[in-house]
Amino acid sequence: MGKTAVIFPGQGAQYVGMAKDFYDNFEDSKAVIDTADSVLDIDLKKICFEENEDINKTEYTQPAMVAAELAIYEHVKNAGLKADVFAGLSLGEYSALTACGAMKLSDAIKTVRQRGILMQNEVPLGQGAMAAVIATDADVIAKVCEETPGNVQIANYNCPGQIVISGETEALDKACEALQAAGVKRVIKLNVSGPFHSKMLEPAGEKLYAYLRDVEIAEDFLPYVCNADACYVTDASEVKTLLMRQVYSSVRWQQSIEAMIADGVDTFVEVGPGKTLSGFMRKINKEMKCINIATVDDLKKLEELNA
């Protein structure tokens, strides 16, 4: 028998109405969102469930996404899904940390609210940007970033053929021009509010680390795979430093998936809005079983998985 991993998507997958059908139908899911809502000074249920503009603002998106993901996961877990390891893309790492037992729900929600504020405020609007580079070798992209004057780096190794770069707007624009001059056919500027996972956010990472001093990390938890190093984490003393580094380091998602596969994982369950990670999985290793659970209707996929 192979192993099972539960994986959580990151910022960008959010939508109005996420997890509402779980909230309306299951008491365990409702309890998660009610608890998350009670520890913040914002109306989290309104952000998740009602038409609003705040859902796409980083400081609100982050707690809303984590609450929705964990509400879905709580019911999926209670329905019998047993995971051997957890991982999450960027923001989703906090859902993974909570699901594996390393962090309390209330602490995770308050931490990502603070994380969102710090990330949003660190770089003034317009001074940082991100772009997706399609169908290009990672080494080529890394070389262009290194040779471009200014601050620009790889932010996300999502899957073969999809890498995201991030940094100062001027430097990023020059890197995009250099990539196109080198024959790269698709470079897409992203509609984001900051240069996430770039060195420009290092001060935000340090401020987050200071905030994390008062956050309890359990000594005993199931393993999760961190973004910064794409390795299994089981030592509580490493968690806070890894979360600090994650803010300004590359998200090594492809490498994280490959590490789990090397450890014997052959089944991946994406829990939360959208199908982003399932899409990445098809490009990383299409031989793996991978399902996504975003709505109540998706629960039938669990039955098929266990059949």
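These legends go with close-up views of salt bridges and helix contacts in a predicted model. Residue numbers start from 1 along each chain as its sequence is written, and side-chain values use heavy atoms, with hydrogens and water left out. As this is a predicted model, local features need pLDDT of at least 70 and side-chain atom pairs count only at pLDDT 80 or more, while totals for chains, interfaces and linings use all residues.

**View 1. K3 and D263 pair up in a salt bridge.** A salt bridge here is a side-chain nitrogen of Lys or Arg within 4 Å of a carboxyl oxygen of Asp or Glu, and the structure holds 15 of them. For K3 and D263, the closest N and O atoms are 3.0 Å apart. K3 sits in strand 1 (residues 3–8) and D263 in the loop between helix 11 (253–262) and strand 9 (265–271), so the pair ties together parts that are 260 residues apart in sequence. Helices (H or I, at least four residues) and strands (E, at least two) are DSSP runs, numbered from the N terminus. K3 is partly exposed at 31% relative accessibility, and D263 is partly exposed too, at 32%. On that scale, buried is under 20% relative accessible area, exposed is over 50%, and partly exposed is in between (1.4 Å probe, protein chains only).

View 2. K30 comes out as partly exposed at 28%, and D34 is partly exposed at 23%.

**View 3. D41 and R113 meet through their side chains in a salt bridge.** The N to O distance is 3.5 Å. D41 is in the loop between helix 2 and helix 3 (44–49) and R113 is in helix 6 (residues 105–122), so this pair ties together parts 72 residues apart in sequence.

**View 4. Helix 4 (residues 58–78) crosses helix 6 at roughly 155°.** The two axes, which are lines fitted to C-alpha atoms over the stretch in contact (angles run from 0 to 180 degrees between N-to-C directions), come within 7 Å. That makes helix 4 roughly antiparallel to helix 6, a label for angles over 145 degrees. With contact meaning heavy atoms within 4.5 Å, the helix 4 side includes Y60, P63, V66 and L70, and the helix 6 side includes I109, V112, R113 and M119. By class, the residues of this contact split into 10 nonpolar, 4 polar and 3 charged. Ala, Val, Leu, Ile, Met, Phe, Trp, Tyr, Cys and Pro count as nonpolar, Asp, Glu, Lys and Arg as charged, and the others, Gly among them, as polar.

**View 5. Helix 5 (residues 92–99) packs against helix 10 (residues 236–248) at about 165°.** Their axes are 11 Å apart, and the two helices are roughly antiparallel to each other. E93, Y94 and L97 of helix 5 meet V239, L243 and Q246 of helix 10. This contact has 4 nonpolar, 1 polar and 1 charged residues.

Note on methods: Parallel < 35°, antiparallel > 145°, perpendicular 65-115°, else oblique.
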